[in-house]
Amino acid sequence: MNKFIFLFALILLSCGNPESREQQAEELEETKDSVQAPSQEEIARELQKRGYQTFTYKEGDTSYLMQQYFLVFLKSGPNRNQDSTEAAELQKRHLEHLSRMYTEGYTSLTGPMGDDGDLRGIVVYNTPTQQEADSLARLDPMVKAGRLEVEVHPWWVAKGGKLQ
């Protein structure tokens, strides 16, 4: 009998009061709403701690946190004489490399050019240093094969900005 009473009490306690669950859900929502986004100063400190270059720019009532990124221009390289099978395999590995760079958080934007000029594409690297962006860009199989070459430039962008 004692086991039955114990089990019954345990079941009652585990079910809880539905009103209590609603109240807990409301409190959780209030907690979520009250969580503050990090300030620009906190974001800047964290970025600087990780080696990124930043500065604050104020225009009127608006303050912008600027961060240095690196534009990597992918240009036609000196060795573009691969046969179609080899070129297709290099392209596949090139796209895998770019996908990995994005997945691992090293790049923010990537895309080919819309014409057939010497400039073949642009990649925006989100790394602390130009040397790191350059090193990662040179790991690209197309660059290693000489089909593409890289040119890296520092580029300042406001945090939170977006393409329209």
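Good morning. The model is predicted, with local features requiring pLDDT of at least 70 and side-chain atom pairs counted only at pLDDT 80 or more, whereas totals for chains, interfaces and linings use all residues. Residues are numbered from 1 along each chain as its sequence is written, and side-chain values use heavy atoms, with hydrogens and water left out.

I begin with the overall layout. The chain holds six helices and five strands; these are DSSP runs, helices being H or I of at least four residues and strands E of at least two, numbered from the N terminus. Read from the N terminus, the order is α-α-α-β-β-α-β-β-α-α-β. Of the 164 residues in the chain, 26% are buried. Buried here means under 20% relative accessible area, exposed means over 50%, and partly exposed lies in between, with a 1.4 Å probe and protein chains only.

Next, the hairpin. Strand β3, residues 107–112, runs antiparallel to strand β4, residues 119–125, and five bridges join them; strands count as paired if DSSP finds at least two bridges between them. Six residues lie between β3 and β4 in this hairpin. The bridge partner of T110 is V123 in β4.

Which residues line the largest cavity? They are V72, L74, H97, L98, V123, Y125, A137 and D140. The elements giving two or more residues to this lining are β2 (62–76), α4 and β4. A cavity is a set of points on a 1 Å grid over the protein atoms alone where a 1.4 Å probe fits but cannot get out, and lining residues have an atom within 4 Å of a point. The volume of the largest cavity is about 30 Å³, where volume is the space filled by probe spheres set on points joined across faces, edges and corners.

Helix α4, residues 84–103, also contains K92. Is K92 buried or partly exposed? K92 counts as partly exposed because its relative accessibility is 47%. The C-alpha atoms of K92 and P141 are separated by 9.3 Å, although these residues are 49 apart along the chain.

Finally, the surface. F55, Y57, Y64 and W156 form a nonpolar patch with about 370 Å² of accessible area together. Areas come from the Shrake-Rupley method with a 1.4 Å probe. W156 lies in strand β5, residues 148–158, and is partly exposed at 34% relative accessible area.

How values were computed:
Patches are made of residues with over 30% relative accessible area and no salt bridge: like charges are joined within 9 Å, nonpolar side chains (Val, Leu, Ile, Met, Phe, Trp, Tyr) within 5 Å. A salt bridge is a side-chain nitrogen of Lys or Arg within 4 Å of a carboxyl oxygen of Asp or Glu. On a 1 Å grid over the protein atoms alone, a cavity is a set of points where a 1.4 Å probe fits but cannot get out, and a pocket is an open set with protein on both sides within 12 Å along at least five of seven lines; lining residues have an atom within 4 Å of a point.
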